[in-house]
Amino acid sequence: MITTQDLTKVYRTRDREITALDGIDLHVREGEVFGVVGQSGAGKSSLIRCVNLLERPTSGTVTVDGRDLTALAGRGPRAGRDLREARTRVGMVFQHFNLLSSRTARGNVELPLEILGLSRRERASKAGELLDLVGLADRADTYPAQLSGGQKQRVGIARALAGDPKVLLSDEATSALDPETTRSVLQLLRDLNRQLGLTVLLITHEMDVVKAVCDSAALMRQGRIVESGTVEELLARPGSELARELFPLSGGPSGADRTVVDVTFHGDTASEPVVSQLARTYNVDVSILGAAMDTVGGRQVGRMRIALPGGFDDNVVPVGYLREQGLTVEPVRAPGGAGPAAPTGPADGVRGGAEKPDQPAATGTPAGRETPVEDAK
């Protein structure tokens, strides 16, 4: 649905050039929620504004729903008719709402409909339907100053849907909201994705947003995409930076007297007491250094950092056992450390988005204590 190829954006001033986007290749599939995460200055906002050509790319192409928007842009500074028509199929939700204070909620939603040339009756009917869709039918005649932050964003979402778009772009839409309101707005975006078949591209610096609603994600740094994939692929990918951010773990690296590994649980294995079974089967003391569990697509998913006594060569069989259970196993070494590489698990993972994470289950717990291990798993 959305494809960028070798997308570059360079901002030029009198004495310097700033490369905001450096050869971005991105593919967002139809009907998915795709999150782009990264720190401030990574280029996220430039990317999303180039997708609908609010910012003209310096080079590269942007294709949305099969149409090359960069080819429609022409050379002039103003958007031509073809580009304006194509943009009606792309809605955008802004971080700071961008509502007109002189218009009611209904009036703000009607604004793009006026531009599209709909009659007064058609505008009123359409705006009423959209406000009802976002849960604000009873606030249609309320001005923005009388609305909460979450309600303002819902009006912004309704306005973005006015042109019946196939794609919805979200530019840090929840960063100015409190956690509870953030969850409700994210749930609304997910509901709209499912009900209307919308493809959603959102940018954020919050990992909880990715866990809450995203099917796929990409990590941006210094104007480049350094990693991308479905959430399930990222969780099962050894060395994934996004997986480490989504499920951060505490605990030190391997040493001469212990082997530390990160174990990713996905699918049916997330509900099985695999770690305690390992301890009983091989009579090995397992210490849980850190754990992060969550619910993804209705199933438990998580990562756990465990320590086994002895070097890796002493633990080939226990690690192999974990792999046989369908887990992804990744050794944790000190920076610059060397040694034999531990095999990793299969690339299969979980499906779907995620919800708010539970608290870490255990830290530094020996596996011989049966209940803490099972609770952590």
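**Exercise 1: Cavities**

By the grid rule, the model holds three cavities of 30 Å³ or more. The rule uses a 1 Å grid over the protein atoms alone: a cavity is a set of points where a 1.4 Å probe fits but cannot get out, and lining residues have an atom within 4 Å of a point. Grid points are joined across faces, edges and corners, and a volume is the space filled by probe spheres set on the points.

The model is predicted: local features need pLDDT of at least 70, side-chain atom pairs count only at pLDDT 80 or more, and totals for chains, interfaces and linings use all residues. Residues are numbered from 1 along each chain as its sequence is written, and side-chain values use heavy atoms, with hydrogens and water left out.

Task: Describe the volume and lining of the largest cavity.

Step 1. The greatest contribution to the lining of the largest cavity, three residues, is from β8.

Step 2. By class, the lining of the largest cavity has six nonpolar residues, three polar and one charged. Here Ala, Val, Leu, Ile, Met, Phe, Trp, Tyr, Cys and Pro count as nonpolar, Asp, Glu, Lys and Arg as charged, and the others, Gly among them, as polar.

Task: Describe the second largest cavity in the same terms.

Step 1. The volume of the second largest cavity is about 40 Å³.

Step 2. Among the residues lining the second largest cavity are Arg237, Asp262, Arg303 and Glu330. Two or more lining residues come from each of α9 (231-236), β11 (258-265) and β14 (328-331).

Step 3. The lining of the second largest cavity divides into four nonpolar, two polar and four charged residues.

**Exercise 2: Aromatic rings**

Task: Which geometry does the pair of Tyr282 and Tyr321 have?

Step 1. The structure contains one aromatic pair. Rings of Phe, Tyr and Trp (its six-membered ring) pair if their centres lie within 6.5 Å; planes under 30 degrees apart count as stacked, over 60 as edge-to-face and the rest as tilted.

Step 2. The ring centres of Tyr282 and Tyr321 are 5.6 Å apart and the planes stand at 70°, so the pair is edge-to-face.

Step 3. Tyr282 lies in helix α11 (residues 274-282) and Tyr321 in helix α12 (residues 316-324), 39 residues apart, so the pair links distant parts of the chain.

Step 1. Buried means under 20% relative accessible area, exposed over 50%, partly exposed in between (1.4 Å probe, protein chains only).

Step 2. Tyr282, at 35%, is partly exposed, whereas Tyr321, at 11%, is buried.

**Exercise 3: Strand β2**

Task: Where does Gly23 lie, and which residues does Gly23 contact?

Step 1. Gly23 belongs to strand β2 (residues 17-28) and is partly exposed, at 26% relative accessibility.

Step 2. Leaving aside neighbours within four places in sequence, Gly23 contacts Asp6, Leu7 and Thr8, a contact being heavy atoms within 4.5 Å.

Note on methods. Helix = DSSP H or I, 4+ residues; strand = E, 2+ residues; numbered from the N terminus. 1 Å grid on protein atoms, 1.4 Å probe; cavity = no way out; pocket = protein on both sides within 12 Å on 5 of 7 lines; lining within 4 Å.
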